[in-house]
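Let's take a walk through a protein model together. Keep the picture handy as you read.

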Amino acid sequence: LFETLVDRTDLRTTLIRLGDVGGSGSDTLKTPTVSFDDPFAAANTNETAAAANTALGIGSVSLSVAQQILVYQLSDKFMITGGPGNLNMAQIAANMADAYVLRVTDLVCSTAEGFSTDVTASSTMDVDNFVAAMAQLEQSSVPGPYSAVLHHKQWTGLQSSLRSETGAVAYAPATYEQIAIKGPGFVGTVMGVDVYSSSSVTDDGTHFNGSMYGLGAMAYVEASPRQAMPGSMAALVTPAGSPVYVEFDRQGDPGLTQVIGHAFCQVGILEDARGVGVLSDI
């Protein structure tokens, strides 16, 4: 069985995992936020008057998990006539964990559209637009390292622009060891920014909606089953963990078997100022 090309970009390492609400009694995880941005002030010179109270900047971010599902339907004839090495039910069930990763990547790219600040290239993606995104994050006091998620066409445009640069622009292609750590889709480091290339990056018909962000810009929450679901297989586990569970549904007439994968998760913006949209022409 030969598997054709698929974009398996995994962006979970660029996010903060807030937790798992499985068995918690709620489908929502509420995370309090606080801003410790108050410096000391000079004391009253008379040394007797009390200082005024300073109110902390506090808030919260709530993420509610939503159901994600994938269904494959196989006929009895397909399964009975299949030979060794052909597609079978076990392979389809095992694919559900990979399908979950693809779904999270889609959610990350669609969530990144919500950053309130964008930098837009004059045409196709280039070094100038990349540097402008870095500058915006630096001006917002976002600590590094940064991650950039670009559409494949944005990435090839950036590569073309890098080749025409005459100054010292650092680009380190991804190694096998780095891909093993950072996940599929990692293509290298440009000026200290970890770059991912993904077909999941959305567009508005005119511009690709790429993004650049620091850790903490976005977060995700999951809900793993705490007990065996009726009729389901044990939860499938990927190296980074997965809340996926799979079940089979049988229709004796006309002889069909469904392989159904379930998962519950959500991705959201944790702090808007830590991210910026990177837009360029399609």
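How do the residues of the lining of the largest pocket divide into nonpolar, polar and charged? There are 10 nonpolar, three polar and three charged ones, where Ala, Val, Leu, Ile, Met, Phe, Trp, Tyr, Cys and Pro count as nonpolar, Asp, Glu, Lys and Arg as charged, and the others, Gly among them, as polar. This is a predicted model, where local features need pLDDT of at least 70, side-chain atom pairs count only at pLDDT 80 or more, and totals for chains, interfaces and linings use all residues. Residues are numbered from 1 along each chain as its sequence is written, and side-chain values use heavy atoms, with hydrogens and water left out.

Back to that lining: E3, R8, L87, Q91 and N95 are the closest to the pocket's centre among its 16 residues. Helix α2 gives the most, with seven residues.

Now for some rings. A pair of aromatic rings is described by the distance of the centres and the angle of the planes. Rings of Phe, Tyr and Trp (its six-membered ring) pair if their centres lie within 6.5 Å; planes under 30 degrees apart count as stacked, over 60 as edge-to-face and the rest as tilted. The count by this rule is three aromatic pairs. In one of them, F115 and Y213 have ring centres 6.4 Å apart and planes at 45°, so the pair is tilted. F115 lies in the loop between α2 (89-112) and β5 (118-120), while Y213 belongs to strand β10 (residues 207-214), 98 residues apart. Both F115 and Y213 are buried (under 20% relative accessible area, with a 1.4 Å probe and protein chains only).

Conventions
Helix = DSSP H or I, 4+ residues; strand = E, 2+ residues; numbered from the N terminus. Buried < 20%, exposed > 50% of the residue type's maximum accessible area, 1.4 Å probe, protein only. 1 Å grid on protein atoms, 1.4 Å probe; cavity = no way out; pocket = protein on both sides within 12 Å on 5 of 7 lines; lining within 4 Å.
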